[in-house]
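Trainee: I'm new to this one. Could you show it to me and take my "how do you know" questions?

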Amino acid sequence: MSYDKTVTVVTPHGFCAGVVRAIDTAEAALHRFGAPLYCLNEVVHNQQVVDKLTAQGVIFVHELEAIPPHSVVLFSAHGVSPETFNNARIRKLKIIDATCPFVAKVHAEVRRYASRDYAILLIGHRTHEEIIGVRGEAPEAVTVIQTQNDARIVSLPQTDRVAVLTQTTLSVDEADRILKVLKKRFPRLERPAKTDICYATEHRQEAVKRLATDSDLILVLGSSNSSNSRRLVEVATQTGCPATLISKLSELNAIDFTDKNRVGITSGASTPESFLEACVQQLSTKGFHRGTTLTAVHEEQVRFPLPRDLRM
Ligand code: SF4
């Protein structure tokens, strides 16, 4: 039997080290302290992960005020501001911090530059939890830059000491374009030696670019509030291949695959592998045969230990 329609999965895709650590942290905290475990916002931006942890006893809330005093609270991989930390302490909550170490590094950079009176330009999405938390380290020093136009018009009280930092899950290419504008405007602009965009974001974008050159359609598996998943859709589209975000299996039924013989699949850093397998399985019922996996970037070696409180 021969197949005309092929689905190609690209690697790397799916869980990154920060997401694995955040989920392991939630499960270890449940094991150590028992249910209910309160989590401020989604521990990672993925509905399947949230549903699974909810079934295990995690209660997701959007406000600390919704958590009874003396409870255990988990802070998500996206991190929180120092003010949120303080408020949790005031409410006598036991804090378990699942902030991704790459996000924690950006917090530390804000503190370092702010302590030396730098104006800090933070490239990222204003309403994203990571940016809210990072900005909260020094709100008076940080200006969020979301677009190239923001970079063109931003005005600072002084231009001698200006530093630029970025959200960890941005489009590498778009961040570079914004950075070019800022460098022209602020020639003495400083930035950390190592980029803030994390390895997982960078690798998944590189991989989807490779996949896009050989596909008629790319399916990016991930939730609509997942920044890195949405960036993968943008990167694939900008590479010239139509791409769409799939957050639920049923969404596959709305796609017209008539002229799509080569479908490429990737998934965001918070999307479970089980969802990818379920999508591939559903595509097989639509006549797609799974081709060889495309390895675009070699194996990722990054691993993080659990927060200290949960290591034993
Ligand atoms: S995408 Fe990057 S910054 Fe975000 S949790 Fe994963 S490793 Fe950490």
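Trainee: What makes β6 and β7 a pair of strands?
Mentor: Two strands pair if DSSP finds at least two bridges between them. Four bridges join β6 (residues 119-123) to β7 and they run parallel, so they pair by that rule. Strands here are DSSP E runs of at least two residues, and helices are H or I runs of at least four, numbered from the N terminus. Across this pairing, L122 stands opposite V144 in β7. Keep in mind that this is a predicted model, where local features need pLDDT of at least 70 and side-chain atom pairs pLDDT 80 or more, while totals for chains, interfaces and linings use all residues. Residues are numbered from 1 along each chain as its sequence is written.

Trainee: Why do β7 and β8 count as edges?
Mentor: The open sheet has three strands in parallel pairing, ordered β7-β6-β8. β7 (142-145) and β8 (162-166) each have a single partner strand, so one side of each lacks a neighbour in the sheet. The twist from one strand to the next averages 25°.

Trainee: Which strands does helix α4 touch?
Mentor: Helix α4 (residues 101-115) packs on the sheet and touches β6, β7 and β8. Contact asks for C-beta atoms, placed from the backbone, within 7 Å. The direction of α4 makes about 170° with that of β8, on a scale from 0 to 180 degrees between N-to-C directions of axes fitted to C-alpha atoms, for helices over the stretch in contact.

Trainee: How many residues of domain 2 are in contact with domain 3?
Mentor: 10 residues of domain 2, meeting 11 of domain 3. The bounds, 17-99 for domain 2 and 102-197 for domain 3, come from an automatic or database domain assignment.

Key. Contact = placed C-beta atoms within 7 Å.
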